[in-house]
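Have a look at the sequence and the model first, and then we'll dig in.

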Amino acid sequence: MNLGTSEEESAQEIHIPADINWEMLDKSKFFVLGAALFSGVSGALYPAVLMKTRQQVCHSQGSCIRGAFTLVRHEGLKGLYRGFGTSLMGTIPARALYMTALEVTKSNVGSAAVSLGFTEAKASAAANAVGGLTAAMAAQLVWTPVDVVSQRLMVQGSSGFVKRCNYVNGFDAFRKIVRADGVKGLYRGFGISILTYAPSNAVWWASYSVAQSMVWGGIGCYVCKKGEENGNMVKPDSKTVMAVQGVSAAIAGSVSALITMPLDTIKTRLQVLDGEDSNGKRGPSIGQTVRNLVREGGWTACYRGLGPRCASMSMSATTMITTYEFLKRLSAKNHDGFYS
């Protein structure tokens, strides 16, 4: 399917490189290059994720920027990378599972939708939504335990967090969590994670597809005028295509972050809190967590960390999608001619 297809006449006159489906990829190259590229991207964006997590679990709201400076002053830059090693170890297999589920589902659903009579634009949006939903659910099987461990390391020593964790590293945190709560302790918040990430990914990928059509439609007249001057159909270069993908991803990231923020805050608190308190009572349920948040700061407490999360998701979405599309073209069995 042509990922930039639009039903508008102006956009139809722009020759946009066709999307690369699962069958067109060199799988070994796809996974090896993907692990390297996405590890670098995750490292660049990790500090924003850490600060967002700290804001969500603190009982008092403070400035994210001030908190970051305080953390760096006391611990140095390494403080912004608490739990990164653990996160990275889980990110590689989780993302491999995510990309496989995403591409296989998109390819199958897209083809089925077109055969049922959907336009390419609608088929692309549907395939992206179902692909994002399926990929998120598959990846959470690996990612939830990693998330639980890395988030506990992130908030360790946070001044606004009541519980004082005492983990030496990721392996120590893993061992202590399993000893206290069993394997199920590693899957704290699994249900709410699915409820957070599955719809979030569906919304993100669907929004990304729609945003691309809108962006291409918006610039269609200008691009087509240039084509008329040259007497040829316009074929956007790689920089133009990547710019459109980046803008569309940023829009989709902001929409997704805003819609799913309360669920993400609840999920984070459930995963960070210990299974039992000092009196032997079980940790709070989802309902109790919501009530605690509302008691602390009203309904707006559910949106703590919204600024860092929007920034993180927008930057992450823009970086990830341009990296991802670049990865797919590098990994295509015959990538000559995809870009002009």
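Does arginine 82 count as buried, partly exposed or exposed? Arginine 82 comes out as partly exposed, because its relative accessibility is 22% and the buried class stops at under 20%. Keep in mind that this is a predicted model.

Arginine 82 has a partner, too: its side chain meets that of glutamate 75 in a salt bridge, at 3.1 Å from N to O. Glutamate 75 has a relative accessible area of 26%, so this residue is partly exposed as well.

## The overall build

Reading along the sequence, you get the pattern α-α-α-α-α-α-α-α-α-α. The chain runs to 340 residues, and 49% of them count as buried.

## Stretches listed in UniProt

The unreviewed UniProt entry lists residues 30–50, 185–206 and 242–261 under "transmembrane region". How do two of these stretches look in the model? Residues 242–261 are 100% helix and 0% strand, with 28 Å between the end C-alpha atoms. Residues 185–206 are 77% helix and 0% strand, and here the end C-alpha atoms lie 33 Å apart.

## Helix H5 and its kink

Helix H5 covers residues 120–155. A straight helix of 36 residues would span 52 Å at 1.5 Å a residue, yet H5 spans only 45 Å between its end C-alpha atoms. H5 also has a kink of about 50°, centred on glutamine 140.

Most of H5 is covered, with 26 of its 36 residues buried. Arginine 152, which sits in H5, counts as buried because its relative accessibility is 2%, whereas the cut-off for buried is under 20%. What does the side chain of arginine 152 touch? It makes a polar contact with the side chain of tyrosine 167, at 3.0 Å.

## Salt bridges across the chain

Side chains of opposite charge can pair when their charged atoms come close. How many salt bridges does the count come to here? The total is six.

One of them joins aspartate 264 and lysine 52, whose closest N and O atoms are 3.1 Å apart. This pair links distant parts of the chain: aspartate 264 is in helix H8 (residues 238–272) and lysine 52 is in helix H2 (residues 27–57), 212 residues apart. Aspartate 264 and lysine 52 are both buried.

Another bridge runs between lysine 267 and aspartate 147, again with 3.1 Å between the closest N and O atoms. Lysine 267 lies in helix H8 and aspartate 147 in helix H5, so this pair ties together parts that are 120 residues apart in sequence. Both lysine 267 and aspartate 147 are buried.

Definitions and conventions: Residues are numbered from 1 along each chain as its sequence is written. This is a predicted model: local features need pLDDT of at least 70, side-chain atom pairs count only at pLDDT 80 or more; totals for chains, interfaces and linings use all residues. Side-chain values use heavy atoms; hydrogens and water are left out. UniProt positions are given in the numbering used here, feature names are shortened, and annotations may be inferred rather than shown by experiment. Helices (H or I, at least four residues) and strands (E, at least two) are DSSP runs, numbered from the N terminus. Buried means under 20% relative accessible area, exposed over 50%, partly exposed in between (1.4 Å probe, protein chains only). A polar contact is a pair of N or O atoms within 3.5 Å; within protein, one must be able to donate a hydrogen and the other to accept it, and residues adjacent in sequence count only if both atoms are side-chain atoms. The expected span of a helix is 1.5 Å times one less than its number of residues. The bend at a residue is the angle between axes fitted to the seven residues ending there and the seven starting there. A salt bridge is a side-chain nitrogen of Lys or Arg within 4 Å of a carboxyl oxygen of Asp or Glu.
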